[in-house]
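User: I would like to learn how to read a protein model, one feature after another. Could you take me through this one?

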Amino acid sequence: MRTLIVFAHPSAESYGAALLETARRTLDAQGHDLRVIDLYRQGFDPVLSEEDWNRYATQPEQLVAQLQDHVDAMLWAESLLLIYPTWMYGPPAMLKGWLERVWLPGVAFGIPSGKGKRATGNLRNIRQFTVVTTSGSPWWWLRLIRDPNRSLMMRGFRVLFHRNCRTSWLQLHSMNHRTETDRQKFLGRVERKLARI
């Protein structure tokens, strides 16, 4: 399976980096054709400029040309894996910026045809969507506030993919108070889950 991993964490020594290494090793062992985009290490610019915004809806092909490698990777993938920490109830600004700049009209979605209609999904090549994330919040608090991060990823973005796309959500809650044993157990859980994709 052609699998694109997008990783967003500023520290190459972080637990997130250990999650990336586990994912890469596991998927490689399963025979996946892998591409990895490490947004911080690649120095990705997440800012959508005013000039880009002015062309966003009317000339998205010009924006595609600026990020052709990223767009090509999205269109190549059959499986998409995002690995990132949950900060302020959502993905880091770096990853959010990547989504805004790469998931363009005509690439990830079609602009709604009229008032009250929703966007159509163009990423029908994506048949498996997986998120691996950590958060400082406990599970019960995220459930109480309706888990905006999970809702964004698993509901909001899910509609952009193949209609039979399978999804997997793996999250380690209460990250600030986890023991080394807890973190190792979660790495094992991620490995087992990815080995079944």
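User: Is Gly-106 buried or exposed?

Analyst: This is a predicted model, in which local features need pLDDT of at least 70 and side-chain atom pairs count only at pLDDT 80 or more, while totals for chains, interfaces and linings use all residues. Residues are numbered from 1 along each chain as its sequence is written, and side-chain values use heavy atoms, with hydrogens and water left out. The general idea is that buried means under 20% relative accessible area, exposed over 50%, and partly exposed in between, with a 1.4 Å probe and protein chains only. Gly-106 has 61% relative accessibility, and therefore counts as exposed. Gly-106 sits in the loop between helix 5 (93-102) and strand 4 (109-110), where helices (H or I, at least four residues) and strands (E, at least two) are DSSP runs numbered from the N terminus. From C-alpha to C-alpha, Gly-106 lies 7.1 Å from Asn-122, although the two are 16 residues apart in sequence.

User: How many helices and strands does the protein chain have, and what share of its residues is buried?

Analyst: The protein chain has 8 helices and 7 strands, and 48% of its 197 residues count as buried. Its radius of gyration, which is taken over C-alpha atoms, can be set against a globule rule of 2.2 Å times the number of residues to the power 0.38. For 197 residues a compact globule would have a value near 16 Å, and the protein chain, with 17 Å, agrees with this. Along the principal axes, the C-alpha atoms fill a box of roughly 50 × 40 × 35 Å.

User: Which residues does His-173 touch?

Analyst: A contact means heavy atoms within 4.5 Å. Leaving aside residues up to four places away in sequence, His-173 touches Ser-135, Ser-137, Pro-138, Trp-139, Leu-142 and Arg-178. His-173 belongs to the loop between strand 7 (166-172) and helix 8 (180-195), and it counts as buried because its relative accessibility is 18%. For the protein chain as a whole, among contacts between residues at least 6 apart in sequence, 78% join residues at least 24 apart.

User: Which residues have the most contacts inside the largest nonpolar core?

Analyst: A nonpolar core is a set of buried Ala, Val, Leu, Ile, Met, Phe, Trp, Tyr and Cys residues joined through side-chain atoms within 4.5 Å. The largest one here has 39 residues, and those with the most contacts inside it are Leu-80, Trp-98, Trp-103 and Met-153. Among the elements that give two or more residues to this core are strand 1 (2-7), helix 3 (60-66) and strand 6 (128-135), while helix 5 gives the most, with 5 residues. A second, separate core of 18 residues includes Ala-17, Leu-19, Leu-27 and Leu-170. Returning to Met-153, its contacts beyond four places in sequence include Leu-82, Phe-129 and Trp-169.

User: What is the phi of Tyr-89, and where does Tyr-89 lie?

Analyst: Most residues other than glycine have a negative phi. Tyr-89, however, has a positive phi near 70°, and it lies in the loop between strand 3 (79-86) and helix 5, where it is partly exposed at 37% relative accessible area. Asp-147 also has a positive phi, about 45°, although it is not a glycine. Asp-147 is found in the loop between helix 6 (139-144) and helix 7 (148-157), and with a relative accessible area of 13% it is buried.
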